[in-house]
Amino acid sequence: MGKPQNITLKEAAGLIQDGQQITFGGFTIWRRPMAFVYELIRQGKRNLHLLEVNGGTHSEILIGAGCVSIWESCWSGHELYGKLGEMVADRHVNGGMIVEDYSHGHMVARILAGAYGLPFFPSAQSLGTDLLNPEFDSLGRAGLRDGSHPKIPRKKYEFAPDPFYDRGELLLLPAANPDWAIFYASQVGEEGTVRVNVQTYADSEVIKAADKVIVLAEEIVPESYLRLEPEKNIAAGYAINYLIKLPWAAHPTGSQGFYDVDADFIRTFYRASKSQETFDRWADEWIFDIPDHERYLQKLGIGRLENIRANPVLGYSTRQKRGTR
Amino acid sequence: MALNKLSVAAYSYSPMDLLAVAAAREVRDGDIVFTGTGLPMLAIMLAQHTHAPNSVCIYEAGSIDGRPLDLPTSVGDARCAYQSAVISGLTETLYGQLHCGYVDLAFLGGAEIDKYGNVNTTVLGDYNNPLKRLTGSGGNPDVNSQARRTVYIMVQEKRRFKEQVDYITAPGWRIRKWPGGEYVHRREVYGKYFRGGVEAVISNMAVFRFDEEGVMYLDTVHPGFTVADVQAHCGFELNVSRVKGETLPPTQEEIDLLYQVIDREGIFLP
């Protein structure tokens with residue numbers, strides 16, 4: 001309880017144990033704690049169980065580096081900057097990682113149940129699809145639904161009739177309560193109050209669902225400032241365990257009000273992710289040959305960062321050339 | 001109609017323009033529309049600028065009825081949220097808007113579609129031993145299971161218009177009732193949550209709709225293509241008995257709006 005503990009990036013990544021279940025805040029290519037992902041890779045984490053509402057550039061990098069043995073989610077890719085999650089695709093086709101597919105609504109339901117301390121959440125979404133085909137229950141097929149793994153539910157889902165209003169059979173999705181949520185916040189107060197700008201994605205649910213929470217803050221600001229408009233905040237400091245102050249920590253993903261998605265960077269990564277060999281070269285250049293976040297920013301250079309820096313009124317960059325006109 | 005034809009002669013349009021325009025025409029004024037990234041953004045904005053000024057756009061990442069100054073390149077983009085009525089997150093959009101029944105229309109895409117409108121965005125081949133992994137479901141099946149009408153935008157290829165998709169990611173009109181897995185009409189699976197389903201498929205060659213049994217039929221063929229062209233690029237035998245004629249081409253006004261107002265930076269329409 002109380003304030004989060006200030007900690008360095010290296011110390012924080014060191015807290016994650018091989019085999020633990022983790023999740024991330026953010027959405028596809030927005031507000032992902034990228035600096036933390038790079039550090040997990042530098043520290044050589046293995047057999048992580050990555051459960052997330054949706055994937056993105058961060059998942060692709062972590063999976064490509066061989067850190068993940070189970071991925072439960074609904075989507076991976078880089079939106080406009082790379083259509084396919086090549087690393088998820090490679091592992092699904094060639095093995096090396098268990099892929100458990102749900103829909104986006106199912107994953108939100110799972111995190112929501114976890115956040116609210118419920119064992120499951122009912123939904124009528126994506127009925128009749130192969131997401132519910134019992135033959136495609138990957139964790140079940142791997143023998144991991146025997147009740148001996150505290151973070152893996154005994155069933156992928158269950159059907160139950162509505163006992164109150166006869167609305168028929170509903171899908172029950174099991175709660176997700178990951179060991180860790182690693183979260184990027186726009187602003188955090190001195191006492192740990194968390195604010196994210198613009199869309200909130202599943203961020204407040206992710207914080208509540210996880211056993212422990214590590215926050216990477218773009219800015220630390222006075223508590224009194226965040227408390228002038230409490231409706232813009234999503235969590236109180238007692239919900240956060242560890243805090244890291246780290247500007248540009250979401251690069252190359254976007255952070256509304258601070259910087260846009262670094263489209264060129266993600267496009268370059270996407271091309272590299274099409275084979276393990278080119279991925280490894282990319283990872284050497286951008287992760288292993290760089291000791292820390294400061295050196296990463298130096299390598300990116302001021303020109304690149306200025307190009308994506310957000311217009312403070314609009315919340316996005318007006319300098320980045322986005323199309324052909 | 002005659003006016004349209006005249007104006008067509010005076011300018012050219014690309015296949016993407018026609019797709020955007022055909023999709024925009026599916027929007028009815030007042031519709032609450034759930035939209036993904038890319039072409040669907042052009043479609044809803046074009047509709048708002050023309051025949052459907054009271055239609056409203058919800059983006060999955062959390063913005064509700066935004067009025068963007070600049071075209072977003074992602075549903076998570078801050079550009080989506082400018083002047084929105086409400087800014088929220090996924091619990092609100094997927095449950096507070098979609099599950100509770102506000103959404104009238106959704107635009108979606110897919111890698112494969114079958115004659116019942118089932119869509120695959122997950123794997124080619126057997127899920128447990130796939131030939132190719134695709135992006136995964138995302139919100140596609142959630143949106144498609146709970147919007148009143150959905151419109152799919154597809155590339156017209158034999159391998160994409162299949163008798164049966166390899167994996168049902170998003171539910172069409174004949175789907176599987178689990179746990180048994182028997183194929184039944186969508187109404188039987190959704191019961192009291194049945195609100196509608198796939199209404200149209202728009203490809204680079206044609207517009208398709210679905211009959212009372214939920215089977216796809218050819219509705220209109222885009223200018224420059226024939227019914228035979230469409231059949232040649234479709235992997236199942238197409239019902240062509242209800243063809244209405246040619247898809248209405250874009251007007252000069254629509255082209256101007258697309259290139260000079262909506263996508264003035266040339267992001268989706270280079």
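Mentor: Let us begin with a pair of residues in this predicted model: B:D114 has B:K162 as its bridge partner in β11(B).

Trainee: Why are β7 and β11 of chain B called edge strands?

Mentor: The open sheet has 3 strands in the order β7-β6-β11 (chain B), with mixed pairing. Both β7 (119-120) and β11 (161-162) of chain B pair on one side only, and that makes them the edge strands.

Trainee: Why is α2(A) called roughly perpendicular to α10(A)?

Mentor: Helix α2 (residues 34-42) and helix α10 (residues 276-288), both of chain A, pack at about 110 degrees, with their axes 10 Å apart. Angles of 65 to 115 degrees count as roughly perpendicular, and therefore α2(A) is described in that way relative to α10(A).

Trainee: Which residues meet there, and of what class are they?

Mentor: From α2(A), A:Y38, A:I41 and A:R42 meet A:A283, A:I287 and A:F288 of α10(A). The residues of this contact comprise 5 nonpolar, no polar and 1 charged.

Trainee: How many residues does each chain give to the contact between chain A and chain B?

Mentor: Chain B gives 56 residues and chain A gives 54 residues. Among the elements giving two or more residues to the chain B side are α5 (90-99) and α6 (140-146). That side has 22 nonpolar, 23 polar and 11 charged residues.

Definitions and conventions: Residues are numbered from 1 along each chain as its sequence is written. Chains are lettered from A and ligands numbered from 1 in the order in which they are written. This is a predicted model: local features need pLDDT of at least 70, side-chain atom pairs count only at pLDDT 80 or more; totals for chains, interfaces and linings use all residues. Two residues are in contact if their C-beta atoms, placed from the backbone, lie within 7 Å. Helices (H or I, at least four residues) and strands (E, at least two) are DSSP runs, numbered from the N terminus. Ala, Val, Leu, Ile, Met, Phe, Trp, Tyr, Cys and Pro count as nonpolar, Asp, Glu, Lys and Arg as charged, and the others, Gly among them, as polar. Two strands pair if DSSP finds at least two bridges between them. Axes are lines fitted to C-alpha atoms, for helices over the stretch in contact, and angles run from 0 to 180 degrees between N-to-C directions. Angles under 35 degrees count as roughly parallel, over 145 as roughly antiparallel, 65 to 115 as roughly perpendicular and the rest as oblique.
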